[in-house]
Amino acid sequence: MGAIRIAASMQGVHCVLHAPQGDSYADLLFTMIARSAKRPPVTYTSFQARDMGADTAELVQRRLREAVERFQPRALLVGEACTGELLQDQPAALAQGMGFDCPVIPLELPAFTRKEHWGASETFHQLVRSLLRGQPVRAPDPIAEGRRPRANLLGATALGFRCRDDIAEVTKLLDSAGVDVNLSAPAGATPEDLLRIPEADFNVCLYPEIAQSTCAWLERMFKQPWVKTVPIGVGATRDFLLEVGQVAGIDTSTAIAAGRTRLPWFSRSVDSTYLTGKRVFIFGDASHAIAAARIATEELGFEVVGLGSYSREFARELRAAAERYGIEALITDDYLEVESAVLALAPELVLGTQMERHIAKRAGIPCAVISAPVHVQDFPARYAPQMGFEGANVIFDTWVHPLMMGLEEHLITMFREDEEFHDEAVASHLGSGSVSAASADVAARPAATAEPTRSADDIGADAAPLWEPEAELELKKIPFFVRGKARRNTERFAAERGVARITVETLYDAKAYFGR
Amino acid sequence: MTAASERPQVVAAPACDLSHVGNASGGIAVQREQGQRQVFCGLAGIVWLHRKIQDAFFLVVGSRTCAHLLQSAAGVMIFAEPRFATAVLGDRDLAGLADCNEELDRVVTELLARRPDIGTLFLVASCPSEVIKLDLDNAAERLSREQQGRVRVLAYSGSGLDTTFTQGEDTCLTALVPELPEAPAGTDSLLVLGTLPDVVEDQFRRLFDALGIPSLYFLPPRRASELPPVGPGTRLLAAQPFVGGTAAALVDRGATLLEAPYPFGIEGTRAWLGAAADAFGIAAARVEEVTAAAATRAARGLERYRAQLTGKRISFLPDSQLEIPLARFLHRECGMELVEVGVPYLDRRMMGAELDWLPSDLRLTEGQDVERQLDRLRADRPDLTVCGLGLANPLEAEGLTTKWSIELVFSPVHGFDQAADLAELFVRPLNRRERLAF
């Protein structure tokens with residue numbers, strides 16, 4: 001999958017994968033989720049059970065020949081999907097022996113141990129290495145050559161989160177600082193473009209999950225320094241420009257001062273007071289998650305209660321970030337583990353991938369998507385970068401809109417029984433079609449009856465305390481957007497103290513204990 | 001209201017057409033292709049099977065790719081822990097089968113402890129589990145014994161090495177066949193084979209009841225704990241064309257397979273019901289009487305769409321095995337011209353009645369070599385192309401109008417009351433292209 005993302009990002013590259021029929025489902029991620037108008041440049045060997053008795057190596061060679069003839073790639077990636085790997089046909093070695101005109105790049109991607117990001121990163125690295133092998137080290141000097149400094153933007157891929165607009169935004173940002181973009185890769189590049197990588201004065205590692213190993217290699221081999229800050233958020237964008245200044249040896253302070261973004265003022269406006277200390281759970285690829293945590297705390301005044309990632313390769317960076325917020329990082333690719341963390345922490349906002357969006361939806365918690373894996377909605381028609389100053393505007397809107405507006409919160413408390421604002425009414429900005437947290441909550445609970453009720457998530461857990469009917473009614477008086485938290489806190493409070501039946505008193509004892 | 005006077009002209013094929021069944025299908029030449037395929041593997045069947053059989057759980061024993069397919073490509077949205085999961089094979093599992101079995105037992109035991117609601121657990125083999133020769137049948141037996149009858153554990157293959165897309169349902173149902181109770185001697189029953197949406201199943205149940213079918217069952221049932229009985233008195237009627245293996249297994253247990261076209265469109269549904277009625281000695285007049293109202297209603301609904309489809313040229317790329325019956329419906333009841341009909345594999349036993357209803361000069365292809373097929377498609381430039389999701393947008397970008405086939409598998413499209421809905425699915429993309437100015 002990682003290899004296909006690199007091939008699909010570029011032009012003039014074709015990928016042949018030794019894979020059974022069925023693996024071609026990968027194509028539809030590109031054509032449907034990203035609405036790609038072209039099929040990804042991949043040929044699958046589509047071997048079947050009946051081929052396995054015969055010579056699958058011969059099948060590989062036939063597909064290789066057909067693919068090269070039809071697509072005439074200028075670089076050929078050859079690898080195996082998980083099952084292909086088990087057959088040990090060595091398709092890359094076969095391809096290298098077939099005398100093709102184009103460079104053949106063997107992919108060694110142990111599909112059973114490593115995942116998509118690693119596969120993409122490794123494919124990009126192998127491709128760059130193979131093409132640049134033997135090129136002399138250049139010493140580009142913008143001043144001597146009488147030109148502006150030049151940078152490569154590395155790491156943007158097909159199916160990446162908002163890569164299309166990030167490239168445009170970072171190009172604009174660099175231009176404001178007097179830096180030209182030499183090329184962007186893998187997204188949009190041809191094999192010939194990759195040969196021009198050494199012509200840049202430095203590299204920008206936009207997406208470390210994809211480009212970090214390549215940037216490090218280019219530094220070793222071609223003495224190209226690289227910018228490591230990922231410019232997501234106002235603070236990080238400023239830091240990015242500072243780092244660009246240091247690496248390029250130019251003064252970027254004017255560009256920093258000229259940066260226009262509404263986020264800081266919107267965050268200070270009184271309506272945003274209600275954002276203060278909102279408890280937020282963050283999960284995504286490591287770079288986006290770390291950037292989100294910084295924005296959440298420094299730029300929106302949230303409190304980060306959970307921070308996690310599925311990028312094991314960047315576990316160290318994530319742990320260091322989590323430590324800054326006094327929490328423990330969650331490194332996992334098991335969505336059930338993420339779900340139980342979300343339920344236990346009961347955050348007021350979830351920032352995550354599409355998987356967390358489902359978890360949040362189920363738990364009735366507002367959510368915004370900040371990272372791949374992506375959904376067709378994450379390829380918006382409009383310009384919606386995450387990076388740079390405009391990216392900060394986009395982030396403010398995307399994260400704040402799922403939450404109740406400040407004024408609305410007050411109105412709901414004031415007019416709780418009013419028709420428009422009663423419990424089951426949906427926040428006005430969410431439209432009548434969506435199910436509010438309140439109605440989801442109500443639906444999941446039995447109506448208050450004369451019998452004490454047990455919370456629905458605790459069925460099977462014998463120790464869960466029972467709610468007295470009066471306590472249940474009192475709970476309903478609490479605005480719905482904090483009710484779930486109040487319920488969980490009270491139950492935890494009761495359970496910890498061995499209280500079997502929750503009364504109105506227990507509810508308020510718990511409230512006093514936990515505070516708002 | 002009498003059926004005869006209102007019977008629409010479109011129902012061109014009288015019931016007597018059924019007399020041709022099974023003897024003329026040799027007329028259509030089949031072109032076989034081998035090459036790169038653009039189809040799902042049988043794991044995709046889990047997407048609808050887990051919703052249909054509500055007390056079953058599907059555990060795929062496979063790779064991350066398998067998990068990825070189920071989670072993202074199949075468009076399955078994870079809300080709760082759904083009734084399927086993937087036990088991901090890792091390096092260690094590949095190193096030794098002993099470890100692998102041990103690991104599988106651990107995963108299953110944990111799963112069953114966490115989910116007491118699971119009555120039947122399917123272990124689903126994948127490409128990697130087959131290549132390393134992990135014996136899931138054996139594992140299922142072992143685990144069933146360990147569960148001491150509390151949970152039934154079965155195994156089947158959804159591997160792309162031997163199943164394409166809807167074939168995963170066939171292998172799943174085949175695994176259920178030995179579990180079916182023996183029907184008491186001397187009892188006659190009708191067994192409808194292949195997943196139907198509940199709403200369609202209920203419609204058919206009403207029609208079969210009205211016909212006076214003595215005893216009616218569906219496979220798969222809505223709950224795996226309610227398996228239908230099978231025996232020599234069982235008449236088997238396939239509702240889906242991709243259940244050939246299951247049908248053969250049921251025949252081995254004494255059932256009789258009724259040959260019929262599939263219940264798509266008015267004539268297909270009428271002939272399908274007619275075949276069942278015939279097997280139970282129910283008079284054709286009774287079939288006419290019972291189906292008249294629904295058929296008339298369907299004809300009225302279809303009328304509107306026929307005008308928009310008549311004369312339009314359509315190509316099917318191989319995908320779900322529904323291609324032949326759908327092509328027959330669109331050709332005969334909607335007046336479409338068939339350019340090419342591709343099927344992943346041709347099961348003549350299951351398609352005999354359908355092939356009889358298709359023009360003898362039909363360009364029918366079996367298997368796939370996707371690049372060559374696309375070359376032909378570009379040369380043909382049909383008005384509508386039915387294809388998988390991986391190809392739809394790229395073809396639209398080339399100016400071809402497409403209908404993505406997966407919707408035909410998931411939507412209620414069988415029977416009289418869905419005949420118009422089925423036609424509408426093909427009208428919509430044409431309609432859309434006409435509306436858009438840019």
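pLDDT is the predictor's confidence in each residue, on a scale from 0 to 100. This is a predicted model, in which local features need pLDDT of at least 70 and side-chain atom pairs count only at pLDDT 80 or more, while totals for chains, interfaces and linings use all residues. Residues are numbered from 1 along each chain as its sequence is written, and chains are lettered from A and ligands numbered from 1 in the order in which they are written.

**View 1. Confidence along chain B.** Chain B has a mean pLDDT of 89. In that chain, 90% of residues reach 70 or more. Residues 1-25 of chain B stay under 50. For that stretch the model has 37 contacts beyond four places in sequence, a contact being two residues whose C-beta atoms, placed from the backbone, lie within 7 Å. Residues 76-80 of chain B also stay under 50, with 11 such contacts. The model scores are ipTM 0.82 and pTM 0.83.

**View 2. The side of chain B that touches chain A.** Chain B brings 38 residues to the contact and chain A brings 39. Helix 3 (64-73), helix 4 (91-95), helix 6 (127-131) and helix 16 (389-397) of chain B each supply at least two residues of this side. Helices (H or I, at least four residues) and strands (E, at least two) are DSSP runs, numbered from the N terminus. Helix 16 of chain B gives the most, with 7 residues.

View 3. Pro261(B) sits in the loop between strand 9 (256-257) and helix 11 (265-279) of chain B. Pro261(B) is buried, because 30 other C-beta atoms lie within 10 Å; the cut-offs are 20 or more for buried, 12 or fewer for exposed, and partly exposed in between, with C-beta atoms placed from the backbone. Its contacts beyond four places in sequence include Trp272(B), Arg328(B) and Trp357(B). Ala238(B) is 23 residues away in sequence and 8.9 Å away in space, C-alpha to C-alpha.

**View 4. Strand 11 of chain B and its partners.** Strand 11 (residues 337-343) is largely enclosed by the rest of the structure, because 6 of its 7 residues are buried. Strand 10 (residues 313-316) runs parallel to strand 11 and is joined to it by 4 bridges; strands pair if DSSP finds at least two bridges between them. Ile314(B) stands opposite Leu338(B). Strands 11 and 12 (residues 364-367) of chain B pair in the parallel sense over 3 bridges. Here Val343(B) has Glu366(B) as its bridge partner.
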